[in-house]
Amino acid sequence: MAEQKRKRILSGIQPTGTFTLGNYIGAVRNWAKLQDDFECLYMLADLHALTVRQVPAELRRHTREAAAMLLAAGIDPSQSLVFVQSQVPAHTQLGWVITCNSQFGELSRMTQFKDKSAKHPDNINGGLRSYPRLLAADILVYLAELVPVGQDQTQHLELARNVAQRFNNAYSPTFTLPEGYITKEGAKIMSLAEPTRKMSKSDTNQNSYILMTDDTDTILRKFKRAVTDSDGVVRYDPAAKPGVSNLMCIYNVFTGKAMDEIEREFDGVGYGDFKLAVGQAVADALAPIQGEYARILADTAYVDGVLRQGAEGASRLANRMVEKVYRKIGLLQL
Ligand code: TYM
C-alpha cells in the first residue's frame, strides 16, 4: 500500500531574543514532537521582527541563537526544514498578493496590532498593521494544513483562513485553509509577575519570564518570587487563582501530572514548597537543552549549514506556489 502523504506543518518564531518558557511550552516543544508524523517547516520570522526597531548586529546574533535553540530543543534538520524567513523571498512575493486581497479594516482589529501600537507609540509603522498578511503568506505559500502555535496567534490564523477563502472564491481553489494546532495544556503561559498577562520576552520586568538560558538559581529565584494569592491552597482555578493555576500548568507540562494529582500532592503544603517544586521541574527540563544549545551554538558553520539547506528546501516548495499564484492572477510569465 502506498504510504499516505503526511500533512504539512508550518510555524514560526521571531528571533528577537532568547525564547521564553512560554515560547517553549506553547510552541517549540510541540514542534519537536510533531516531526515524526508530519512534514514540518519551522521558520525564524526575522521579517516580522522588523515591525519593532531592531539593532542590526543583535538581530543577526539572535537569529543564529534562535536556530541553535530550535535544534537544541529537538528539532531535527534531517526530518524538518529549519530556515530564516528573509532567505525565502517567496514569502514577501506572496505577501504582496495577499495584501491586495485583504481589507484594511480586518487588520486594524488584530489584538496584537493594538498591543504593539500601544507599546511602541513612536513607531506605529505600516509593517505592524500588515504583519498578519505576511503571516498568512508564510502559511499559504506552503499549503500548510496545520500551524502549531500558542493561543495568542489564533486571531492571525483566522485571518489567514479568511484571506485564503476569499482568494479561492475570487480565482479558483488554490490555497488550503490552515488549522491551528493549539494544545490544551500550556497554550498560554502567563507572566510570573502579573499572571493575568501573557509571559513575554518584551516585558520590562525580568522576573516575569523564564528564559530558556536561565540557570537553575535564576529559575528557582524567579519562581520563588512568582505572584500567587493569599489563600494558601494549591487549586486549579484560572479565573480566581491565576498565579497558582499558571504554576500548576507549568508543573503539569513537565511532570505529566494531572491537575487533581497536583492538588493532592501539595495539599496542606505551603506555596513555598510548591513554587520550589515547579522551579526544580523546569530547571531539570531545561538543563539538557541548555547543554545542547551551548554545544550547537559554538558550531556556527553547522548552524549556518542547516539554515542554508532549510532555505533551499523551503524555496523549492514556495517558489512553485508563487509561480502558480502569479499565473492565476494574470501576471505575465515569459
Ligand atoms: P512569537 O515569536 O511571538 O512566538 C512564537 C510562538 O510562541 C508562542 N507563545 C506562547 N505560547 C504560550 N504561552 C506564552 N506565553 C507564549 N508566548 C509566545 C506563540 O503563540 C507562537 O506560537 N507571529 C508569530 C511568528 C510567525 C508565525 C508565522 C507563526 C510568523 N509567521 C506563521 C505561525 C505561522 C510570532 O510573533 O510568534
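## Accessibility and L47

A residue counts as buried when its relative accessible area is under 20%, as exposed when it is over 50%, and as partly exposed in between. Keep in mind that this is a predicted model. With that cut-off in hand, take L47: its relative accessibility is 23%, so L47 counts as partly exposed.

L47 sits in helix α2, which covers residues 46-49. Setting aside the neighbours within four places in sequence, the contacts of L47 are Q85, S86, T92 and L134. L135 is 88 residues away from L47 along the chain, yet the two C-alpha atoms are separated by 10.0 Å.

## Overall shape

The protein has 13 helices and 5 strands. How does its radius of gyration sit against that of a compact globule with 334 residues? The globule would have a value near 20 Å and the protein has 21 Å, so the two agree. Taken along the principal axes, the C-alpha atoms fill a box of roughly 75 × 50 × 45 Å.

Of the 334 residues, 50% are buried.

## Two domains

The protein is divided into domain 1 (8-187 + 300-329) and domain 2 (206-294). Their C-alpha centres lie 30 Å apart. Where the domains meet, 14 residues of domain 1 are in contact with 16 residues of domain 2.

## The largest pocket

The largest pocket has a volume of about 1,500 Å³. It is lined by 50 residues, and the closest to its centre are Q112, D152, Q153, K198 and S200. Which elements give two or more residues to this lining? They are β1 (8-13), α1 (21-34), α6, α7 and α8 (154-170).

By class, the lining of the largest pocket holds 18 nonpolar, 21 polar and 11 charged residues.

## The second largest pocket

The second largest pocket has a volume of about 340 Å³. Of its 17 lining residues, K188, Y236, P238, S245 and C249 are the closest to the centre. Helix α10 (residues 242-255) gives the most to this lining, with 5 residues.

The class make-up of the second largest pocket's lining is 8 nonpolar, 6 polar and 3 charged residues. Both domains take part, since at least three lining residues are drawn from each of domain 1 (8-187 + 300-329) and domain 2 (206-294).

Two loop residues are worth a visit. N123 is found in the loop between α6 (111-119) and α7 (126-140). Is N123 buried or exposed? Its relative accessibility is 14%, which means that N123 counts as buried. Apart from neighbours within four places in sequence, N123 is in contact with T51, V52, R53 and L128.

L143 lies in the loop between α7 and β4 (146-148). At 28% relative accessibility, L143 counts as partly exposed. Its backbone deserves a look too. Most residues other than glycine have a negative phi. The phi of L143, however, is near 50 degrees, a positive value in a residue other than glycine.

L81 belongs to strand β3 (residues 81-84). Leaving out neighbours within four places in sequence, L81 is in contact with C40, L41, Y42, Q309, G310, G313, A314 and L317. M43 is 38 residues from L81 along the chain, and their C-alpha atoms are separated by 8.1 Å.

L332 is found in the segment after α13 (300-328). Its relative accessibility of 75% means that L332 counts as exposed. L332 and D37 are 295 residues apart in sequence, and 39 Å apart in space from C-alpha to C-alpha.

Methods. Residues are numbered from 1 along each chain as its sequence is written. This is a predicted model: local features need pLDDT of at least 70, side-chain atom pairs count only at pLDDT 80 or more; totals for chains, interfaces and linings use all residues. Side-chain values use heavy atoms; hydrogens and water are left out. Helices (H or I, at least four residues) and strands (E, at least two) are DSSP runs, numbered from the N terminus. Buried means under 20% relative accessible area, exposed over 50%, partly exposed in between (1.4 Å probe, protein chains only). Contact means heavy atoms within 4.5 Å. On a 1 Å grid over the protein atoms alone, a cavity is a set of points where a 1.4 Å probe fits but cannot get out, and a pocket is an open set with protein on both sides within 12 Å along at least five of seven lines; lining residues have an atom within 4 Å of a point. Grid points are joined across faces, edges and corners, and a volume is the space filled by probe spheres set on the points. Ala, Val, Leu, Ile, Met, Phe, Trp, Tyr, Cys and Pro count as nonpolar, Asp, Glu, Lys and Arg as charged, and the others, Gly among them, as polar. Domain bounds come from an automatic or database domain assignment. The radius of gyration is taken over C-alpha atoms; the globule rule is 2.2 Å times the number of residues to the power 0.38.
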